[in-house]
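Please look over the model shown here, with attention to the surroundings of selected side chains.

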Amino acid sequence: MDHVDRTEIRPCRAADLPQLDRHLPAPGAPTRHADRFARQEAGTGTYLLAWRDGVPVGHGQVRWDGCAAPEVRAAVGECPEFNGLDVRAGLRGQGIGTALIHAAEELVRERGGSVLGLGVGRDNPRAAALYGRLGYTPVVVYTDRWSRTDADGCPHDEADPCTFLVRELTARDA
């Protein structure tokens with residue numbers, strides 16, 4: 001059975017935010033969805049959502065300005081980055097993450113781009129295997145750093161050891 005046939009991939013809309021917070025909560029980062037939508041509204045990102053039966057089941061963001069890590073920028077410049085890929089735990093392995101990545105690749109192609117990059121935490125071998133199957137190859141190791149604000153409004157700085165991978169995009173088959 002092809003589960004992806006029931007999955008719709010589209011950019012986030014303001015009206016989606018309450019459903020995202022309800023169905024795909026971000027413990028420890030309560031503004032994650034709003035922050036990604038704000039980036040989209042500013043024109044520096046596209047926040048893609050996967051929907052199944054009217055419920056959000058996954059998401060990921062194309063950052064048009066690329067990865068902020070200096071090591072990555074030195075290696076690949078402002079290559080668009082797909083980040084924050086997440087699929088609801090009970091639905092992983094059904095092609096939703098792959099569909100989100102393919103949608104991101106298509107957006108890059110539509111803008112005339114020929115490469116897409118993404119980072120993967122060294123503690124996430126399942127994601128690394130998916131990216132490898134999709135043709136992404138390692139370019140540089142780096143530390144992904146970001147800030148988040150918790151539910152009490154307190155800021156926290158985070159850091160994860162990662163590998164940045166890229167894929168050369170070819171024109172889609174007609």
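A residue is called buried when its relative accessible area is under 20%, exposed when that area is over 50%, and partly exposed in between, using a 1.4 Å probe and protein chains only. By this definition R10 is buried, because its relative accessible area is 12%. The model is a predicted one, in which local features need pLDDT of at least 70 and side-chain atom pairs count only at pLDDT 80 or more, while totals for chains, interfaces and linings use all residues. Residues are numbered from 1 along each chain as its sequence is written, and side-chain values use heavy atoms, with hydrogens and water left out.

**R10 and its surroundings**

- R10 belongs to strand β1, which covers residues 7-11; helices (H or I, at least four residues) and strands (E, at least two) are DSSP runs, numbered from the N terminus.
- The R10 side chain makes a polar contact with the side chain of D16 at 2.7 Å, where a polar contact is a pair of N or O atoms within 3.5 Å; within protein, one atom must be able to donate a hydrogen and the other to accept it, and residues adjacent in sequence count only if both atoms are side-chain atoms.
- When neighbours within four places in sequence are left aside, R10 is in contact (heavy atoms within 4.5 Å) with D16, Y47, L48, L49 and W51.

**P155 in strand β7**

- P155 is found in strand β7, residues 155-168, and counts as exposed because its relative accessibility is 65%.
- With neighbours within four places in sequence again set aside, P155 is in contact with R148 and T149.
- P155 and L118 are separated by 37 residues in sequence and by 25 Å in space, C-alpha to C-alpha.

**Aromatic rings**

- Rings of Phe, Tyr and Trp (its six-membered ring) pair if their centres lie within 6.5 Å, and planes under 30 degrees apart count as stacked, over 60 as edge-to-face and the rest as tilted; this rule gives two aromatic pairs.
- Y131 and Y136 have ring centres 6.5 Å apart and planes at 65 degrees, so the pair is edge-to-face; Y131 is buried at 7% relative accessibility, and Y136 is buried at 3%.
- Y142 and F164 also form an edge-to-face pair, with 6.1 Å from centre to centre and 70 degrees between the planes.
- Because Y142 lies in strand β6 (residues 137-149) and F164 in strand β7, this pair ties together parts that are 22 residues apart in sequence; both Y142 and F164 are buried.

**A charge over a ring**

- R111 lies over the face of W64, at 3.8 Å from the ring centre; a charge sits over a ring if NZ of Lys or CZ of Arg is within 6 Å of the ring centre and within 35 degrees of the ring normal.
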